[in-house]
Amino acid sequence: MVKRGLVLIISFVFCLSGILVSADLAFKAGLNQSKLITGPERHWATGFSLGIAISFKQTGNFYIQPECFFIRKGDGTGFPERIPEMKSKIVLDYLEMSLLFKRHFLAKGKIRMAGLGGGYMAFNIQAKCQSEYLGQVFTESLKDDVKNADYGLVLGVNLEAAIGKKKLILDIRYSLGLSKVNSFISYDNWKNQCLSMMLGIGL
């Protein structure tokens, strides 16, 4: 079911770009900081994002922007009940589909700024806990302990600078998961949160 959902999401994005000729295509990549919202004290972990966005102009400065990204989230703490000297972190990889609403509110010369807001649906590809103890590194799969899907909200700002017929794009956004992503019941509920900064090229 998950694989079928991923195929449908990617097909949907590309079909939209073919149907609406006024679409602007952009390729984006960047780094993020993420951690789980849960009971014990948590620390931010560094991840990355890579994907595409397609903007469809509606009226005036208003756009609808579907996106499809590979994104690495997680947490820099791991499991606190393990050996105190052991350093561990949780890695969660997703294929994430967002549907955002974008509105330009500031323009000066070739530079435009916009606000972003909307929601996302993500499908888990990989879940693992990486631990280091006495110089040795261990990896434990968490695939059976993490749900296949996650959803949440996205808010951010977008800065575009025209360079000839192309655009240089800077995205800064925060996403907040609304669903519990861990499937086991013997631990606190996990919810994703992520702060991302991405650079992109608009075609």
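S55 counts as buried, because its relative accessibility is 6% and the limit for that class is under 20%. The model discussed here is predicted. S55 belongs to strand β2, and its side chain reaches the side chain of K102 in a polar contact of 3.3 Å.

A pair of aromatic rings is described by the distance of the centres and the angle of the planes. The count of aromatic pairs in this model is two. One of them joins F48 and F70, with centres 5.6 Å apart and planes at 35 degrees, and is classed as tilted. F48 is located in strand β2 (residues 45-57) and F70 in strand β3 (residues 62-75), so this pair ties together parts that are 22 residues apart in sequence. F48 has a relative accessible area of 33% and is therefore partly exposed. F70 is likewise partly exposed, because its relative accessibility is 26%.

F62 and F101 make up an aromatic pair that is stacked, at 6.1 Å centre to centre and 15 degrees between the planes. The class is stacked because planes under 30 degrees apart fall there. This pair links distant parts of the chain, from F62 in strand β3 to F101 in strand β4 (residues 87-108), 39 residues apart. F62 has 30% relative accessibility, so it counts as partly exposed. For F101 the value is 39%, which means partly exposed as well.

The remaining feature lies on the surface. I37, W44, V157, I172, Y174, L195 and M197 form a nonpolar patch there, and together they have about 600 Å² of accessible area. Two strands, β8 (166-177) and β9 (191-202), each contribute at least two residues to the nonpolar patch. I37, one of the patch residues, sits in strand β1 (residues 23-37). Its relative accessibility is 35%, so I37 counts as partly exposed.

Key
Residues are numbered from 1 along each chain as its sequence is written. This is a predicted model: local features need pLDDT of at least 70, side-chain atom pairs count only at pLDDT 80 or more; totals for chains, interfaces and linings use all residues. Side-chain values use heavy atoms; hydrogens and water are left out. Patches are made of residues with over 30% relative accessible area and no salt bridge: like charges are joined within 9 Å, nonpolar side chains (Val, Leu, Ile, Met, Phe, Trp, Tyr) within 5 Å. Accessible areas come from the Shrake-Rupley method with a 1.4 Å probe; for residues, only the protein chains shown count as cover. A salt bridge is a side-chain nitrogen of Lys or Arg within 4 Å of a carboxyl oxygen of Asp or Glu. Helices (H or I, at least four residues) and strands (E, at least two) are DSSP runs, numbered from the N terminus. Buried means under 20% relative accessible area, exposed over 50%, partly exposed in between (1.4 Å probe, protein chains only). Rings of Phe, Tyr and Trp (its six-membered ring) pair if their centres lie within 6.5 Å; planes under 30 degrees apart count as stacked, over 60 as edge-to-face and the rest as tilted. A polar contact is a pair of N or O atoms within 3.5 Å; within protein, one must be able to donate a hydrogen and the other to accept it, and residues adjacent in sequence count only if both atoms are side-chain atoms.
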